[in-house]
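Biologist: Please show me the chain, and then let me ask on what grounds you use each term.

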Amino acid sequence: MLSYFSSKASSSSSTLSLSLPLLLPLSHRPPKFHFCPSFRLRFPRLALLACHASSGGGVSMDSPSADAAFSVDSVARDLQNQSLRSDDHQDGDLSNNGAKRVRLNLEDLTWDHSFVRELPGDPRTDRFPREVLHACYTKVSPSVQVDKPQLVACSESVAELLDLDPKEFERPDFPLLFSGASPLVGALPYAQCYGGHQFGMWAGQLGDGRAITLGEVINSKSQRWELQLKGAGKTPYSRFADGLAVLRSSIREFLCSEAVHSLGIPTTRALCLVTTGKFVTRDMFYDGNPKEEPGAIVCRVAQSFLRFGSYQIHASRGKEDLGIVRDLADYAIRHHFPHIENMDKSESLSFSTGNDDHSVVDLTSNKYAAWAVEVAERTASLVASWQGVGFTHGVLNTDNMSILGLTIDYGPFGFLDAFDPSFTPNTTDLPGRRYCFANQPDIGLWNIAQFATTLSAAELINDKEANYAMERYGTKFMDEYQAIMTRKLGLPKYNKQLISKLLNNMAVDKVDYTNFFRLLSNIKADLSIPEEELLVPLKAVLLDIGKERKEAWTGWVKSYIAELAASGISDEERKASMDAVNPKYILRNYLCQSAIDAAEQGDFEEVRRLLKVMERPYDEQPGMEKYARLPPAWAYRPGVCMLSCSS
């Protein structure tokens, strides 16, 4: 994994070892549901949590009791998502592949409500804050107050996923429909019940406190897409909050959902953003100085909004609700992992986890084990992708972890500017930096351990299978991260020493992460370049470095060029491949803030312009170069580079 961070990183920032065989011991303390304290995973060895079901039907989350390691051969082939069937439809123009493109009005969308139909629900439909037992959801309608709501921005590519005609965005009643003020024909709104660990501590019931799912739209490819309004009003899970969202955070979520998608990273999407025309009171810095801010609502879209916490809450409640964990697992596999449901026994996905016949995990004999492994691998791939582009989520609680391996719940996120492994965009996270950039792979594994614990409690997987899922997380992350870094540098093969030295240099000199890798493709594989000219292609990012640091960088570039020259790849070919994986444009926090400042004055053009730029992050985009500039001095003021969870 990540083994390269400078000693300048704070002591709370762990690093990961890429050559690490994983340790997956089981502990055998008296089981109980443990309100787990913050557990620091240290390196170079991965210390993992054990998973086992308690005799009382709850979940135990304890740390390992031994320090032995074993190696497992990589799975010959990962479980893959099967392609969903594409049906022929008669209306619409041609898509890129020549097929008919369906363009529907809102009234003609094909709605389904499998979540409500197939899973247990709350018998009550009121919004009164309460503990909701033995249920996966509560039927509740949006209650947000609006006054001449306006459409701020929309995503035509998301509309295409739904077969929605983009002309529907121009409807006069569109802002009313997507603020929740007017009901959508065919929708059946509900709020989901889930729990989670927040900053390592079990928080109990959380749930959709301000997000209301409208239902599932089935498109012409038989794909299932859930539509959800975030900021639509109170639900039983709102606790003492108002269930609303402000324009500031809504712009950030809308833009980053689409920006991360365009970077090629799995994520929830955003169909549209509307203002409510009302004001919402927020204490942005939790400092006792609340102020009124414009209210807004994002329509989020994903194939599922199920989280690790959707399963945890029911396992935490003991035997009576363990059946719901199984119901939810069956639901997820049936609708979102059908290839697992239909897995052929002849595929013989059996893997040895030790030296004897009893140390074998057979994924074809237990669909829940196969599912746990795929969730772990999807999560590992997701986190590796984040590390590759310098994205820091900021709040990796288990209720913010998607079972589909999607980036979900954009709060105080941030892309790296100056490379700092200890960077966290979340002011709430500052004391321990649990969710800092360097710790994300670590925390992903910690969260997988909690998820495996839950499945173990429901007796869906055994100890070996739980440990194997965590093993696969580590192996998959290391494989993916090595491949990403190799492509970012345009290398013929992975070179740990070269990459380790590079990231150390970047951390020491606080080099801009995105701009450095974009400029790196300009270096020529020419061993005859004079030493004094080696750093010329990088001069825009190697700022204010003295003689000693210039020597360090010159030495690294020499080694890099030698590696490139040995590959035999032309400079032109390498530059094209590097520019295809190293974005020029990322959604820096200061760019978001500029758009927010204008939008709060009623000018939405910068939001729309920024959306267009971020839709093509790997292209040069002449005339848009200002969006690739280093952050100005004001970008480091409170509320821009770092934010609280307030929204």
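**Terms and grounds**

Modeller: In this predicted model, the count of salt bridges comes to 39.

Biologist: What makes the pair Arg-300 and Glu-253 a salt bridge?

Modeller: The N to O distance between their side chains is 2.9 Å. The limit is 4 Å between a side-chain nitrogen of Lys or Arg and a carboxyl oxygen of Asp or Glu, so the pair qualifies. Arg-300 lies in strand β12 (residues 291–302) and Glu-253 in helix α4 (residues 247–262), 47 residues apart, and the pair links distant parts of the chain. Both Arg-300 and Glu-253 are buried.

Biologist: How far apart are the closest N and O atoms of Asp-409 and Arg-307?

Modeller: They are 2.6 Å apart, and the two residues form a salt bridge.

Biologist: Why is Asp-409 called buried?

Modeller: Its relative accessibility is 11%. Buried means under 20%, so Asp-409 counts as buried. Arg-307 has a relative accessible area of 1% and is therefore buried by that cut-off.

Biologist: Why are Arg-574 and Asp-571 said to be separated by about one helical turn?

Modeller: Because they are three residues apart in helix α14 (residues 571–579). Arg-574 is buried, at a relative accessible area of 1%.

Biologist: Which residues are linked in a network of salt bridges?

Modeller: Asp-112, Arg-117, Glu-118, Glu-216, Arg-224 and Arg-334.

Biologist: Turning to helix packing, at what angle do α5 and α6 pack?

Modeller: Helix α5 (residues 308–315) and helix α6 (residues 319–336) pack at about 155°, and their axes are 7 Å apart. Angles over 145 degrees count as roughly antiparallel, so α5 is roughly antiparallel to α6. From α5 the contact takes in Ser-310, Tyr-311, His-314 and Ala-315; the α6 side includes Asp-321, Leu-322 and Ile-324. By class, the residues of this contact are eight nonpolar, two polar and one charged.

Biologist: How confident is the predictor in the chain, and where does pLDDT stay under 50?

Modeller: The mean pLDDT of the protein chain is 85, with 82% of its residues at 70 or more. Over residues 1–91 pLDDT stays under 50, and the model has 268 contacts beyond four places in sequence for that stretch.

Definitions and conventions:
Residues are numbered from 1 along each chain as its sequence is written. This is a predicted model: local features need pLDDT of at least 70, side-chain atom pairs count only at pLDDT 80 or more; totals for chains, interfaces and linings use all residues. Side-chain values use heavy atoms; hydrogens and water are left out. Axes are lines fitted to C-alpha atoms, for helices over the stretch in contact, and angles run from 0 to 180 degrees between N-to-C directions. Helices (H or I, at least four residues) and strands (E, at least two) are DSSP runs, numbered from the N terminus. Angles under 35 degrees count as roughly parallel, over 145 as roughly antiparallel, 65 to 115 as roughly perpendicular and the rest as oblique. Contact means heavy atoms within 4.5 Å. Ala, Val, Leu, Ile, Met, Phe, Trp, Tyr, Cys and Pro count as nonpolar, Asp, Glu, Lys and Arg as charged, and the others, Gly among them, as polar. pLDDT is the predictor's confidence in each residue, from 0 to 100. Buried means under 20% relative accessible area, exposed over 50%, partly exposed in between (1.4 Å probe, protein chains only).
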